[in-house]
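Please look over the sequence and the model below before reading on. The report is meant to be read beside them.

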Amino acid sequence: MEVMHGLMAGSATVMLPVAVDENGRLVVVVEGDSASASGSSVIATNGTALPLSSLPASFGYNDDDQVEYVDVVFDGVTYRQSLTWSAGLLASVSAWEPLP
């Protein structure tokens, strides 16, 4: 699997390593993230700096096997970034928001 870097929109633009898996799906590569050495963080909607490169992530998929959301847990709070698809193409990516 070849790893590329792609931009994901949010309250700050962050470069994330992405790849296409054996089924042709776009996936975010969490382990071995090249940004981990930089210590970069993303600011969630509540102002919390999330060190994404050091947090394990879980993924939710829609009925078309597309990533619908990414969840991370930081300081006991779950944060979610939602992805919206249109005609099979990624249309938008939300900011990281704390779940209630």
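What follows is a report on confidence, fold, one group of side chains and a few backbone positions.

## Basis and confidence

This is a predicted model, in which local features need pLDDT of at least 70, side-chain atom pairs count only at pLDDT 80 or more, and totals for chains, interfaces and linings use all residues. Residues are numbered from 1 along each chain as its sequence is written, and side-chain values use heavy atoms, with hydrogens and water left out.

The pLDDT, which is the predictor's confidence in each residue on a scale from 0 to 100, averages 75 over the protein chain, and 60% of the residues score at least 70. Confidence is lowest in strand 1 (residues 3–8), with a mean of 45, and highest in strand 10 (residues 97–98), at 96. Over residues 1–14 the pLDDT stays under 50, and the model has 44 contacts (heavy atoms within 4.5 Å) beyond four places in sequence for this stretch. Residues 31–38 also have a pLDDT below 50, and there the model shows 6 contacts beyond near neighbours in sequence.

## Overall fold

The protein chain has 0 helices and 10 strands, where helices (H or I, at least four residues) and strands (E, at least two) are DSSP runs numbered from the N terminus. Of its 100 residues, 30% count as buried; buried means under 20% relative accessible area, exposed means over 50%, and partly exposed lies in between, with a 1.4 Å probe and protein chains only. Among the contacts in the protein chain with a separation of 6 or more, 24% are between residues 24 or more positions apart.

L50, which lies in strand 5 (residues 49–50), is buried, with a relative accessible area of 0%. L50 and V73 are 23 residues apart in sequence, and their C-alpha atoms are 9.1 Å apart in space.

Strand 8 (residues 77–86) and strand 9 (residues 89–93) run antiparallel and are joined by 4 bridges, strands being counted as paired if DSSP finds at least two bridges between them. W85 stands opposite L90 in strand 9. The two strands form a hairpin with 2 residues between them, and A87 in the turn has a positive phi of about 55°.

Side chains of opposite charge can pair when their charged atoms come close. A search of the whole structure finds 1 salt bridge, the term meaning a side-chain nitrogen of Lys or Arg within 4 Å of a carboxyl oxygen of Asp or Glu. The side chains of D71 and R80 meet in a salt bridge, at 2.7 Å from N to O. D71 is buried, with a relative accessible area of 11%, whereas R80 is partly exposed, at 24%.

The charged end of R80 also sits over the ring of Y69, 3.7 Å from its centre; a charge counts as over a ring if NZ of Lys or CZ of Arg is within 6 Å of the ring centre and within 35 degrees of the ring normal.

## Positive phi in two loops

D65 is found in the loop between strand 6 (57–61) and strand 7 (67–74), and its phi is near 60°, a positive value in a residue other than glycine. D65 is partly exposed, with a relative accessible area of 44%.

In the loop between strand 7 and strand 8 is D75, a residue other than glycine whose phi is positive, near 50°. D75 is exposed, with a relative accessible area of 68%.
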